[in-house]
Structures are given as structure tokens and as C-alpha cells.
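Welcome! Here is a short briefing to read alongside the sequence and the 3D view.

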Amino acid sequence: MDVAKALLLLKEKGYKYTDKREQMLQLFSNEKRYIAAKDVLEAMQKDYPGLSFDTIYRNLSTFVELGILEMTELDGEKKFRFSCSTDQHHHHMICLTCGKTRHVHVCPMDQLKVSSEDFKIVDHKFEVYGYCKNCS
């Protein structure tokens, strides 16, 4: 995902274009890592002093719902990043210090023997947490 595609998707889904939304999306485009809502608020407060945490969180939730952002929980806090631009199924390794991610192209679901008559799987998520080379 990139900013232009995200803005187009918002428009297609009936959401208004705002400078705030574009700046928020640009922040994620520049970061390339998971970041918290409080980091978004801090980065945008200079340009939008009256911006509330609720507004940030509402937009982040909308972006997740539309598939623009991915969300994970690290240390009890929800964090967000741009959705991957690849259509290939994969998972992530996430650095606990800086939030950077790397793709894992092996899926553990392939190894599980899940009975399909008792349970219908519709999605799954597999994340590996640790420390990248720069942070370890």
C-alpha cells in the first residue's frame, strides 16, 4: 500500500479527503514500521494543535477496517503500519525495540492438521517477536 492507493481507496469507500488523513498516511509511508497512535498524534500535533487522540484512533481504525493499515499489539499497546504491498501470503518478524518488520514466507498453518468439519478457519496471523540486528 502507498499513500496514493490509500487515498483512492478512501474515496472509493465514500470517505472525504482531508489534509490530516493524507499527512497521517504519509507518516506511515515514511516510517516503514509499526507505530502507536500516540506517535501519530505527537508527529501531527505541530501542524494540527487541536488534533485529539480520539480523531487519530478513529482514523487508524478506519484504515485498518479498509485494509490500508495492519494492526498488532506490542507490550499491551496497539500499533499500526501500512499493509504489505505483496499479495503473496506471508507473516512477519517484528523488532520489539524499533518496530521494523521482515517477511516470513513460511506459514505454520501448512503444518497444522485442523479438522474442517468442526471449525471453519477464515483467517490467521502469525508473528515472531525479537530484536533486529541494529537493536540487539
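**A first look at the fold**

The protein chain has four helices and six strands, where helices (H or I, at least four residues) and strands (E, at least two) are DSSP runs numbered from the N terminus. This is a predicted model, in which local features need pLDDT of at least 70, side-chain atom pairs count only at pLDDT 80 or more, and totals for chains, interfaces and linings use all residues. Residues are numbered from 1 along each chain as its sequence is written, and side-chain values use heavy atoms, with hydrogens and water left out.

**Overall layout**

- Following the sequence, the elements of the protein chain come in the order α-α-β-α-α-β-β-β-β-β.
- Along the principal axes, a box of roughly 50 × 40 × 25 Å holds the C-alpha atoms of the protein chain.
- Take the contacts (heavy atoms within 4.5 Å) between residues at least 6 apart in sequence: 50% of them join residues at least 24 apart.

- The protein chain has 136 residues, and 35% of them count as buried; buried means under 20% relative accessible area, exposed over 50%, and partly exposed in between (1.4 Å probe, protein chains only).
- Met 93, Phe 126 and Val 128 make a nonpolar surface patch of about 220 Å². Patches take residues with over 30% relative accessible area and no salt bridge, joining nonpolar side chains (Val, Leu, Ile, Met, Phe, Trp, Tyr) within 5 Å and like charges within 9 Å.
- Met 93 sits in strand β4 (residues 91–95) and is partly exposed, at 38% relative accessibility.

**Charges and salt bridges**

- There are two salt bridges, each a side-chain nitrogen of Lys or Arg within 4 Å of a carboxyl oxygen of Asp or Glu.
- In one of them, Arg 33 pairs with Glu 31 at 2.7 Å, N to O. Arg 33 is partly exposed at 25% relative accessibility, and Glu 31 is partly exposed at 26%.
- Lys 38 and Glu 77 also form a salt bridge, at 3.8 Å, N to O. This pair links distant parts of the chain, with Lys 38 in helix α3 (residues 37–44) and Glu 77 in strand β3 (residues 77–82), 39 residues apart.
- Lys 38 is partly exposed, with a relative accessible area of 49%, and Glu 77 is partly exposed, with 26%.

Key
Areas by Shrake-Rupley, 256 points an atom, 1.4 Å probe, with all protein chains shown as cover.
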